[in-house]
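This report describes a structure in short sections, each on one topic.

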Amino acid sequence: MNHVGIGYDVHQLVEGRKLFLGGIEIPHGKGLDGHSDADVLMHAICDAVLGALGERDIGQFFPNTDPRWKGVRSHVFLEEASRQVQFRQGKIVNVDATLIAQQPKIAPYIPEMRVQIATALGVQLNKIGIKATTNEWMGFIGREEGIAAMAVASVELPE
Ligand SMILES: [Zn+2]
């Protein structure tokens, strides 16, 4: 049986933080605020995979009140989502995600992001689609106050 899941995440852009998106550090004046490395793209993908399993969000697996996850790199969350798929004898069919950021320019980083995400999930590169768009200077994303990401995942599960 084929199951789909959806994920959405947003983090605030602040001074004094490094910017991690799709598992890579991107040189930028600001970074995303959060308990972990605040990698909004990986978080949205994690929630999409968990959603396809009928599970709740990433925060249920990794509470942001738990000091163990403070500053942790987000590939750990994707690895856990992948383990949850394996527990159920499932298989990730594909993941598609869109990053919404006014700045910085994301396009040059997409090939490496795909590698990082495919590696963390333990799937082939061609199962991971990453796209990026700006918010046309509108709203909080357009004002560069934050970055959002949305993702869908398709997971094959035994009936
Ligand atoms: Zn997040």
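## Surface patch

Tyr8, Val10, Phe140 and Met150 make a nonpolar surface patch of about 360 Å² in this predicted model. Phenylalanine 140 belongs to helix H5 (residues 139-142) and is partly exposed, with a relative accessible area of 35%.

## Zinc site

The zinc ion has the protein donors Asp9 (OD), His11 (NE2) and His43 (ND1), which lie 2.0 Å from it. Along the sequence the donor residues follow the spacing D-x1-H-x31-H. Aspartate 9 and histidine 11 are both buried.

## Nonpolar core

The largest nonpolar core has 47 residues, and among these Leu21, Ile45 and Leu121 touch the most other members. Two or more residues each come from strands S2 (19-21), S3 (24-26), S5 (91-100), S6 (128-133) and S7 (146-156), and from helices H1 (40-52), H3 (75-87) and H4 (110-121). H1 gives the largest share, ten residues. In soluble globular proteins, nonpolar side chains tend to be buried together.

Apart from neighbours within four places in sequence, leucine 21 is in contact with Ile26, Leu32, Asp39, Val40, Leu99, Ile106, Met113 and Ile147.

## Alanine 151

Alanine 151 is located in strand S7. With a relative accessible area of 4%, alanine 151 falls under the 20% limit and is therefore buried. Its contacts, leaving aside neighbours within four places in sequence, are Gly5, Ile6, Gly7, Ala44, Ile45, Ala48, Asp96 and Ala97. Alanine 151 and glycine 7 are 144 residues apart along the chain, yet 5.0 Å separates their C-alpha atoms.

## Salt bridges

There are six salt bridges in the structure. One of them joins arginine 73 and aspartate 37, with 3.1 Å between the closest N and O atoms. This pair links distant parts of the chain, 36 residues apart: arginine 73 is in the loop between helix H2 (58-61) and H3, and aspartate 37 is in the loop between strand S4 (30-32) and H1. Arginine 73 is partly exposed at 31% relative accessible area, whereas aspartate 37 is buried at 5%.

A salt bridge also forms between the side chains of arginine 68 and aspartate 66, at 2.9 Å from N to O. Here arginine 68 is exposed, with 60% relative accessibility, and aspartate 66 is buried, with 16%. Within helix H3, glutamate 80 and arginine 83 are three residues apart, about one turn of the helix, and form a salt bridge whose closest N and O atoms are 2.9 Å apart. Glutamate 80 is buried at 15% relative accessible area, while arginine 83 is partly exposed at 39%.

Methods:
Residues are numbered from 1 along each chain as its sequence is written. This is a predicted model: local features need pLDDT of at least 70, side-chain atom pairs count only at pLDDT 80 or more; totals for chains, interfaces and linings use all residues. Side-chain values use heavy atoms; hydrogens and water are left out. A nonpolar core is a set of buried Ala, Val, Leu, Ile, Met, Phe, Trp, Tyr and Cys residues joined through side-chain atoms within 4.5 Å. Buried means under 20% relative accessible area, exposed over 50%, partly exposed in between (1.4 Å probe, protein chains only). Helices (H or I, at least four residues) and strands (E, at least two) are DSSP runs, numbered from the N terminus. Contact means heavy atoms within 4.5 Å. Donors are N, O and S atoms within 2.8 Å of the metal (3.2 Å for Na, K and Ca); water is not among the atoms, so sites may look incomplete. Patches are made of residues with over 30% relative accessible area and no salt bridge: like charges are joined within 9 Å, nonpolar side chains (Val, Leu, Ile, Met, Phe, Trp, Tyr) within 5 Å. Accessible areas come from the Shrake-Rupley method with a 1.4 Å probe; for residues, only the protein chains shown count as cover. A salt bridge is a side-chain nitrogen of Lys or Arg within 4 Å of a carboxyl oxygen of Asp or Glu.
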